Every structure is written in C-alpha cells, then in structure tokens.
Amino acid sequence: MARVGLTTERLTRAGAELADEVGFDQVTVSALARRFDVKVASLYSHVKNSHDLKTRIALLALEELADRAADALAGRAGKDALTALANVYRDYAREHPGRYAAAQLRLDPATAAASAGVRHAQMTRALLRGYDLSEPDQTHAVRLLGSVFHGYVSLELGGGFSHSAPDTQETWTRVLDALDALLRNWPAT
C-alpha cells in the first residue's frame with residue numbers, strides 16, 4: 001500500500017528540488033526514498049523507475065519554462081521579445097540548475113510531442129515572425145537561438161566565464177545585440 005501523502009506529483013516536485021540541490025544526474029528513486037524516509041519499493045506505485053522519475057522532472061521543467069516564457073513574451077516583439085525569452089532561459093537555469101538540466105533530457109518522440117517543448121518551439125517561431133523569417137530559415141534560426149542560449153548558460157553555470165573580464169552580464173547583452181542584428185539581417189539563401 002502506498003504511503004499516505006505520497007503522490008506522483010509530490011514525488012516529481014521533490015525530485016526536481018533534489019535535482020536543483022545535488023544535480024540532475026544524481027536523482028534516483030533511491031535518493032528520493034531517502035528524502036521521504038521510506039523504502040524504495042513504496043515509491044514504485046507512483047514511478048516506474050529512475051528514468052520515469054527523470055522524465056517526469058523533465059516534463060515539469062519544460063512546463064515551468066514554457067509558462068515563464070509565455071508570461072515574458074506577452075505583448076513583446078523584436079529585440080524586446082528576444083531579450084525576454086533569452087533571459088527566461090538564463091534566469092531559470094541560474095535559479096533551478098537541476099531542473100534546467102532536466103529540460104535537456106532526450107525524450108521519446110511521443111512524450112516530446114505531448115510535452116511543453118512544443119510550446120517552446122511555437123513561442124520561438126512567434127518571436128521570429130517579428131524578424132520576417134520564412135521556412136527553412138525560421139527553423140535554422142530556432143536552432144541557432146537554442147544553441148546560443150543553451151551554450152552560453154551551460155558555460156556560465158559551469159564557471160567557464162568566471163576567470164576573465166568583462167562581466168558575464170555585459171557579454172550576455174552583447175550576445176543578444178548580435179543575435180538581434182543577425183536576425184534583422186538574415187543572410188539570403
């Protein structure tokens with residue numbers, strides 16, 4: 001019988017908190033059981049295994065990020081929208097490093113299609129309409145933005161920019177200026 005108070009949602013949220021504390025790679029059903037001071041077997045009525053738990057954390061993180069992005073993008077266009085979206089990813093990664101790592105988890109195609117990841121792509125495409133890009137350039141630009149945002153945030157979180165001047169905020173601002181300029185002057189094919 002399942003322990004009173006344990007639900008799949010509660011375990012997923014606790015797993016997300018654990019990921020932020022110790023790193024997404026360290027999240028397991030065993031570690032979560034220790035957090036609740038229960039036997040591992042008592043969690044299996046809520047999650048199948050550690051991969052299932054990690055998938056649920058990834059879905060939670062994607063949902064949280066999508067909600068933040070939607071709020072930040074409302075009523076914005078052009079560089080203002082680009083900056084807002086970029087800052088959502090950077091701020092979320094700083095506040096929730098484990099969840100941010102979880103959002104990068106490779107999902108199976110059906111799970112990915114049903115996830116908030118679809119909303120991320122839709123919002124990025126909506127942002128790009130302000131730059132008048134059509135296909136296939138829009139897809140190239142979505143990939144570029146994702147690569148730059150994730151790359152910068154990952155390097156920054158890993159301490160890759162901590163040993164040199166200028167300040168990372170100044171670089172971040174310049175990177176966004178450069179992306180805006182590139183998107184406004186997208187090369188013709």
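User: Is Asp37 buried or exposed?

Analyst: Asp37 counts as exposed, because its relative accessibility is 66%. Buried means under 20% relative accessible area, exposed means over 50%, and partly exposed is in between, using a 1.4 Å probe and protein chains only. Please note that this is a predicted model, in which local features need pLDDT of at least 70 and side-chain atom pairs count only at pLDDT 80 or more, while totals for chains, interfaces and linings use all residues. Residues are numbered from 1 along each chain as its sequence is written, and side-chain values use heavy atoms, with hydrogens and water left out.

User: Where is Asp37 found?

Analyst: Asp37 is in the loop between α2 (29–36) and α3 (50–73). Helices (H or I, at least four residues) and strands (E, at least two) are DSSP runs, numbered from the N terminus.

User: What is the phi of Asp37?

Analyst: Phi of Asp37 is near 55 degrees, a positive value in a residue other than glycine. Most residues other than glycine have a negative phi. Asp132 also has a positive phi, of about 60 degrees, and is not a glycine. Asp132 lies in the loop between α7 and α8 and is exposed, with a relative accessible area of 71%.

User: Which peptide bonds are cis?

Analyst: Another runs from Ala165 to Pro166, with omega near 0 degrees. Most peptide bonds are trans. Pro136 is placed in the loop between α7 (117–129) and α8, and Pro166 in the loop between α8 and α9.

User: At what angle do the axes of α8 and α9 cross?

Analyst: The axes of α8 (residues 137–157) and α9 (residues 168–184) cross at roughly 175 degrees and come within 12 Å. That makes α8 roughly antiparallel to α9. Axes are lines fitted to C-alpha atoms, for helices over the stretch in contact, and angles run from 0 to 180 degrees between N-to-C directions. Angles under 35 degrees count as roughly parallel, over 145 as roughly antiparallel, 65 to 115 as roughly perpendicular and the rest as oblique.

User: Which residues make the contact?

Analyst: Contact means heavy atoms within 4.5 Å. Among the residues involved are Leu144, Phe149 and Glu156 of α8, together with Trp172 and Leu179 of α9. The residues of this contact divide into twelve nonpolar, two polar and one charged. Here Ala, Val, Leu, Ile, Met, Phe, Trp, Tyr, Cys and Pro count as nonpolar, Asp, Glu, Lys and Arg as charged, and the others, Gly among them, as polar.

User: What about Glu156, is it buried or exposed?

Analyst: Glu156 is buried, with a relative accessible area of 15%. The side chains of Glu156 and Arg94 are joined by a polar contact of 3.1 Å. A polar contact is a pair of N or O atoms within 3.5 Å; within protein, one must be able to donate a hydrogen and the other to accept it, and residues adjacent in sequence count only if both atoms are side-chain atoms. Leaving aside neighbours within four places in sequence, Glu156 is in contact with Arg90, Arg94, Phe161 and Thr168.

User: Changing topic, which residues does Val88 touch?

Analyst: Not counting residues up to four places away in sequence, Val88 touches Leu65, Arg68, Ala69 and Ala72. Val88 lies in helix α4 (residues 78–95) and is buried, with a relative accessible area of 9%.
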